[in-house]
Amino acid sequence: MSAPVLTALKDMPISFPGLFGDWEFNPDPIAIHIGHGIYWYGIILAIAFLAGLLLCMKQAKHYGLTEDHVLDLVLWAVPCCILGSRIYYVIFYLDLYRDASGALDWSRMIAIWDGGIAIYGTVIAGALVVFFYTRYKKIKFGAMSDLAVMGLLLGQIIGRWANFINREAFGSLTDLPWRMRVWVSASQYADVHPTFLYESLWNLLGLLLILSVVSKGRRFDGENTWFYFLWYGLGRAWIEGLRTDSLYLFDWTLFGQPIRVSQALSAAMAALAAIVLFYQLCIKKCSPENMQVNRLAAQAAAGASETENLETELPAGKADEAPGSGKTEDSDSPLKEDLDSDSN
């Protein structure tokens with residue numbers, strides 16, 4: 001049996017009395033009152049998506065990929081991830097989508113505009129899209145996923161602030177100095193853990209570690225990905241235990257307590273990631289030479305060396321006609337051929 005959900009009123013102020021005293025912030029969840037309204041939640045998620053996309057496009061060359069690869073992938077990933085996040089949420093909150101007779105209410109199940117998405121559904125759907133896309137384009141899954149998790153982390157960092165505007169995704173009662181005060185009725189407030197902030201800061205630290213440490217010493221395609229699963233899994237397993245709105249694994253219990261889906265999945269994911277990283281780095285001892293970006297660089301260097309040798313050996317005036325000289329319409333370097341084949 002799941003614990004009762006603590007719900008805050010969306011038209012009452014938010015404050016941090018232990019940090020800012022009586023100062024209050026009372027954002028309207030609706031940014032623009034047109035029609036049914038344009039919500040800050042959607043605006044913030046759109047900003048998160050664009051920020052993640054720009055980061056991936058900027059970093060693509062460091063993974064042997066192009067901006068076109070990123071844009072092509074996004075066209076498939078966005079609708080699939082929205083669908084996946086909704087399906088994941090509905091599955092574990094299925095009782096909310098039944099009518100009085102107990103039958104499934106399909107109209108409510110598809111009403112995503114009423115809220116109800118889960119980040120793990122996004123991650124699962126995104127991983128499947130990356131898998132099929134990389135197989136189709138004949139590029140390394142690990143290289144693309146290493147790039148994608150950085151955009152995902154940045155999106156999560158920004159996206160969690162949409163929960164803040166909506167007065168949701170907070171934790172249990174606390175008296176810590178950084179407690180967040182929300183109103184659960186017109187006359188009653190609750191001081192709670194700002195778990196949206198915990199996760200945003202945790203993900204920020206994880207992204208900084210990937211950009212400044214992990215990616216700099218990367219030894220195999222997929223290292224960023226597994227580090228993401230380890231880092232996010234550890235943080236989410238802890239943070240989920242503080243939340244009051246968790247998805248529960250049906251009516252299953254462990255040691256007499258209901259099983260939180262995200263907490264169990266996070267712990268399992270972190271454990272698996274730790275095992276894979278240990279195997280790849282300490283037992284298999286992967287060589288950076290096998291990474292996609294380094295293989296393409298080696299091919300480009302070999303092509304340039306071959307062209308230089310041909311130009312040196314051929315008489316003056318003939319070098320322009322030499323195969324691989326780069327001065328005929330049909331000549332391409334091995335790197336260009338590789339990238340062209342990926343883009344078709």
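Before you click anything, one term: a residue is buried when its relative accessible area is under 20%, exposed when it is over 50%, and partly exposed in between, using a 1.4 Å probe and protein chains only. Helices (H or I, at least four residues) and strands (E, at least two) are DSSP runs, numbered from the N terminus.

This is a predicted model, where local features need pLDDT of at least 70, side-chain atom pairs count only at pLDDT 80 or more, and totals for chains, interfaces and linings use all residues. Residues are numbered from 1 along each chain as its sequence is written, and side-chain values use heavy atoms, with hydrogens and water left out.

**Stop 1: the whole chain.** Start with a cartoon view. You'll find 11 helices and 8 strands, and of the 344 residues in the chain, 43% are buried. A contact here means heavy atoms within 4.5 Å. Among the chain's contacts with a separation of 6 or more, 68% join residues 24 or more positions apart.

**Stop 2: helix α5.** Select 119-137. Which residues of α5 are buried? They are Y120, G121, V123, A125, G126, V129, V130, Y133, T134 and K137. Step just past the helix to K138, which takes a positive phi of about 60 degrees.

**Stop 3: the core.** A nonpolar core is a set of buried Ala, Val, Leu, Ile, Met, Phe, Trp, Tyr and Cys residues joined through side-chain atoms within 4.5 Å. The largest one here has 45 residues, and L65, V70, M144, L147, M150, L207 and Y228 have the most contacts inside it. Helices giving two or more residues include α2 (40-59), α3 (67-92) and α6 (141-165). The largest share, 9 residues, comes from α3. Now zoom in on V70: leaving aside residues up to four places away in sequence, V70 touches L53, C56, M57, A60 and L147. A second, separate core has 13 residues, including I165, V182, A190 and F196.

**Stop 4: α8 against α9.** Show 223-240 and 261-283 together. Axes are lines fitted to C-alpha atoms, for helices over the stretch in contact, and angles run from 0 to 180 degrees between N-to-C directions. The axes of α8 and α9 come within 7 Å and cross at roughly 150 degrees.

Stop 5: Select L242, in the loop between α8 and β7 (248-254). L242 is buried, at 18% relative accessibility. The C-alpha atoms of L242 and H193 are separated by 7.3 Å, though the two lie 49 residues apart along the chain.

Most residues other than glycine have a negative phi. A169, however, has a positive phi of about 55 degrees; look for A169 in the loop between α6 and β5 (180-183).

Finish at K285, in the loop between α9 and α10 (292-313), where phi is near 50 degrees. Are these two residues buried or exposed? A169 is buried, with a relative accessible area of 6%, whereas K285 is exposed at 60%.
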